[in-house]
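Colleague: I've got a model open and I'd like to learn how to read it. Can you walk me through a few features?

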Amino acid sequence: MAVHLNKGRVGTDVCGPVTERLRLKGRVAMVTGGSRGIGAAMARGLAEAGAEVVIVSRQGAEEGEAIAEELRGIGAKNSFALLADVTKRATLDAAVDETVNRLGKLDIMVANAGIGIDVNAEDMTEDQWDRLMDVNLKGVFFSAQAAARHMIPRGRGNIIVTSSLSAFVANGNPQACYNASKAGVNMLVRCLAYEWARHDIRVNAIAPGYIMTDILGPYLEEFPEEAHGYMIRPAAMNRIGTPDELAGAAVFLASDASSYMTGQCMVIDGGYSLTPLENRLL
Ligand code: NAD
């Protein structure tokens with residue numbers, strides 16, 4: 001139904017079958033922390049949907065280059081990798097500049113890089129606190145800012161942030177600082193989404209539960225009882241997730257299929273956050 005308003009607008013010019021709106025053909029994406037784990041899976045998903053992807057990681061150029069090569073192999077022929085430390089604002093600006101110079105633009109920024117430090121709250125040092133917040137909160141903010149500085153003049157863009165289930169629950173680990181950083185990320189997403197909606201930039205988050213990455217694997221093998229107790233059993237689906245189970249959400253958020261969604265956080269946790277264990281009837 002065509003509606004004519006004196007003020008405001010209805011809908012966008014994005015239309016067509018949803019399978020088409022999910023396609024990312026012609027888009028350019030950057031994924032921080034894209035060289036392995038969750039970031040690599042998201043990068044793969046974006047490339048499979050048609051995007052060219054720039055892989056950003058902090059160290060070990062070979063790791064990022066191996067993923068970029070894989071992406072080129074599945075059709076994202078201009079994908080490449082670069083090293084950048086997300087705690088350094090100038091480095092992020094340089095990474096965006098290099099992307100724009102080589103690929104002409106940046107449509108999608110996935111601010112995914114993050115670290116965890118397990119330490120009892122009473123023992124955490126100032127250095128540990130600063131290191132974690134620098135990557136997880138400052139790094140996300142300045143990744144988004146570096147992208148937005150390019151996106152605002154273009155009047156379009158899409159930013160996706162990797163948050164965590166730990167933004168909502170004390171996750172069973174001594175991780176007060178990590179959990180606070182992810183709760184902060186969720187508020188950043190809301191604020192940036194609000195500020196940049198007028199530039200047609202959408203900002204959303206994905207909050208994974210326990211996901212099998214290189215970091216988790218050895219722990220699960222070494223401490224199977226403990227891992228089952230707080231990582232697997234509390235999830236209603238009774239299992240840990242895999243990185244590729246997050247790729248669909250990344251594609252959805254990056255695509256026009258989610259064109260009316262901004263400032264939100266998609267929790268993908270196998271039902272971990274649904275109810276405390278002791279409430280379970282099943
Ligand atoms: P990972 O350790 O496997 O990968 C981390 C990536 O971040 C690597 O590519 C690394 O190079 C990069 N990185 C770290 N510090 C960086 C810096 N200063 N600058 C640039 N890159 C940097 O981790 P992962 O498990 O894949 O986690 C990715 C994201 O998902 C993180 O934000 C993490 O907090 C979040 N997360 C993970 C889980 C999980 O169970 N694995 C659950 C919820 C949220």
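**Loops, cores and a covered helix**

Modeller: Let's start with N238, which counts as partly exposed at 46% relative accessibility. Buried means under 20% relative accessible area, exposed over 50%, and partly exposed in between (1.4 Å probe, protein chains only). N238 also has a positive phi of about 60°, although it is not a glycine. Before we go on: this is a predicted model, where local features need pLDDT of at least 70, side-chain atom pairs count only at pLDDT 80 or more, and totals for chains, interfaces and linings use all residues. Residues are numbered from 1 along each chain as its sequence is written, and side-chain values use heavy atoms, leaving out hydrogens and water.

Colleague: Where is N238 found?

Modeller: In the loop between α8 (224-232) and α9. Helices (H or I, at least four residues) and strands (E, at least two) are DSSP runs, numbered from the N terminus.

Colleague: And α9, how many of its residues are buried?

Modeller: Six of the eight in α9 (residues 247-254), so that helix is mostly covered. Its cover includes α2 (37-48) and β4 (108-111).

Colleague: What is a nonpolar core?

Modeller: A set of buried Ala, Val, Leu, Ile, Met, Phe, Trp, Tyr and Cys residues joined through side-chain atoms within 4.5 Å. Here the largest has 35 residues, and M30 is among those with the most contacts inside it. Helix α5 (residues 126-154) gives the most to this core, with eight residues.

Colleague: What does M30 touch?

Modeller: Contact means heavy atoms within 4.5 Å. Not counting residues up to four places away in sequence, M30 touches several residues, including V54, L106 and M109.
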